[in-house]
Amino acid sequence: MKQRPDIEYLKKIAKDIRRDILIMLERAGSGHTGGSLSIVEILITLYFYKMRHNPKEPNWKERDIFILSKGHGCPCLYAVLSAAGYFPKDELFTLRKLGTRLQGHPQKGLPGIEISSGSLGQGLSIANGFALAAKLDRSSKRIYCLMGDGELDEGQVWEAAMTASHYKLDNVCGIVDYNKFQIDGPIKDIKDLEPLREKWSSFGWNVLEADGHNFISLIDTFNRIETSKEKPTVILAHTIKGKGVSFMENENSWHGVAPKKEELERALKELEGC
Amino acid sequence: MLKPTRDGFGEALVELGAKREDVVVLCADLTDSTRAGWFKKYYPERFFGSGVSEQDMMGTAAGLALSGKVPFACTFGVFAAGRAWDQVRVSIAYMNLNVKIVGSHGGISVGEDGTTHQAIEEITLMRVLPNMSVIVPCDAIEAKKATLASCDYQGPVYLRLGRSPVPIITENNTPFEIGKANILQDGKDMTIISCGHLVYEALLAHEILKKENISTRVLNLHTPKPIDKEAILDAAGETGAIVTAEEHLLAGGLGSAVAEVLVENIIVPIEFVGIRDRFGESGSPSELFKLFKLTAEDIAEAARRVLRRK
């Protein structure tokens, strides 16, 4: 097990990433704010601590694979990939502009992006394909797949959940960004997911839970996935949609809306203060 | 000799299993029907059953392709192209992945199972996807060649296979190249362009018309996409009239693809043989061919019509 990194350093990165996300979205004039801010700590834990990867060699054969199944959260992934060194930071601000590699939803081709995604429910099946290939090739790589909670409404997720447990894919780690909202409103009002732990568990998964904004909780949880043998692991990461900006937190109107200039300034001031 | 095209596919898979370590096969609970089982028998470690989960299977195939494997994902045509279309679109075609999608039981010749199992829309649904190639072999020999060629071809391919035994009309040494149509019979008065099971009917129509002193070219357009523009334009220029024949809906299928090429380049009369805006139904393949007007006589009748318009 790797040593815990400097948590204060990770927190500093999180603040920078949130800042980048908000500026990118304001400049783009559209995009998904709430679900990008809720996954910041999860992605930083993966890219700055947990995963084996090399930004200088994005196609390194033995790298761990990260799949953003909830493609609309890509502003966060772009910001994290850039911070990790996959491409220059300037490019972040081309988000959603004509000719950009930073498409409105992820498109393979940008260094660090493993799959094109955006139509929900498809990532976990692809993760399983990577995992089966890794087993055939006797590779020890791990496959991480981040899903939204609303995304779990898609039947394909559960088809893939069955496949992963049937093939004993203990090299697959699913993560659910459990921020308790989907576009139309609170999950419990639109299509309740509970009991979610039991659902995954009954599908044959090793289920862990974490505070999705607490680095110590995330690190400790990610470090427990290797202990699961012959079973895939899912981490239910409890998060807050819009995390980090008071007027965006748990305010679902920010699901698919970018901040305007004045809102951006207020948000950045808040981030500076924290 | 009668043999289903799916058998040619199964034979090719077994050959590929021996030659190519990177070939893997997936199947959505139709292992015997699609002949994917022939591969499974010899290479079980490279066979992945997905259960009755076509959407999941397409995604799994995508992940395997992203890892450098060459997956053949097998199910019935209706489910490959219908049930899993968005997965094929986003998880495979959008990324231009090297996945070979195999839709067996194409067309109404599935017969008695009826509408839900008769794929009559897949040529359309697949060819509209950017990056996707579509191959419709006419007999088991061509199906075998098409499978081998698909494996060497970079990018997603949809391979349409049939359930019923059909006559062998090509030979082992007949050339097969993806995107290159074959002239099976030459003629000067008009051309029948066909693919899949109707190529045999087209050849029979050629004989019927010969007795009426009509000289017909028969073009086997086994690859509706990428389409062989040159062969189509040559046929139009040299014979001056076209009949297309397909075991498929007319909307968006082979006839549409041929018409798209023609109307941009040369105006010649065209007649279409195919299914007109309706679903299939239960019956024996030969009864259904008669009901849907897909027989050699129907093709010959379309040929007479097109000649009157020439």
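1. Two strands pair if DSSP finds at least two bridges between them. Helices (H or I, at least four residues) and strands (E, at least two) are DSSP runs, numbered from the N terminus. In β5(B), the residue bridged to B:Thr75 is B:Gly103. β4(B) and β5(B) pair in the parallel sense over five bridges.

2. A word on the model and the numbering. This is a predicted model, in which local features need pLDDT of at least 70 and side-chain atom pairs count only at pLDDT 80 or more, while totals for chains, interfaces and linings use all residues. Residues are numbered from 1 along each chain as its sequence is written, and chains are lettered from A and ligands numbered from 1 in the order in which they are written.

3. Now the sheet in chain B. It is open, has six strands and runs in the order β3-β2-β4-β5-β7-β6, with parallel pairing. β3 (47-49) and β6 (133-135) stand at its edges; each has a single partner strand, so one side of each lacks a neighbour in the sheet. Neighbouring strands are turned by 20° against each other on average, direction ignored. Angles run from 0 to 180 degrees between N-to-C directions, and axes are lines fitted to C-alpha atoms, for helices over the stretch in contact.

4. The other pairings are as follows. β2 (residues 23-27) and β4 (residues 70-76) of chain B run parallel over five bridges. Here B:Cys27 stands opposite B:Cys74 of β4(B). Four bridges join β5(B) to β7(B), also in parallel. B:Ile101 stands opposite B:Tyr158 in β7(B). β6(B) and β7(B) run parallel, joined by three bridges. B:Ser133 faces B:Val157 of β7(B) there, standing opposite to it.

5. Which residues cover the two faces of β5(B)? B:Lys100, B:Val102 and B:Ser104 lie on one side, B:Ile101 and B:Gly103 on the other, and all are buried. A residue is buried if 20 or more other C-beta atoms lie within 10 Å of its own, exposed if 12 or fewer, and partly exposed in between, with C-beta atoms placed from the backbone. Five of the five residues of β5(B) are buried, so the strand is largely enclosed by the rest of the structure. Strand β7 (residues 157-160) of chain B is also covered on both faces. B:Val157 and B:Leu159 are buried on one side, B:Tyr158 and B:Arg160 on the other.

6. Next, helix α1 (residues 5-19) of chain B. At 1.5 Å a residue, its 15 residues should span 21 Å, and its end C-alpha atoms are 21 Å apart, which agrees. The expected span is 1.5 Å times one less than the number of residues. Buried residues of α1(B) include B:Arg6, B:Phe9, B:Leu13 and B:Leu16.

7. Helices α10 (residues 229-239) and α11 (residues 254-265) of chain B have axes that come within 10 Å and cross at roughly 60°. α10(B) contributes B:Lys229, B:Ile232, B:Leu233 and B:Ala236 to the contact, and α11(B) contributes B:Val258, B:Val261, B:Leu262 and B:Asn265. Two residues are in contact if their C-beta atoms, placed from the backbone, lie within 7 Å.

8. Last, the interface. The contact takes 18 residues from chain A and 21 residues from chain B. On the side of chain A that touches chain B, α5 (123-136) and α6 (155-166) of chain A are the elements giving two or more residues. α5(A) gives the most, with eight residues.
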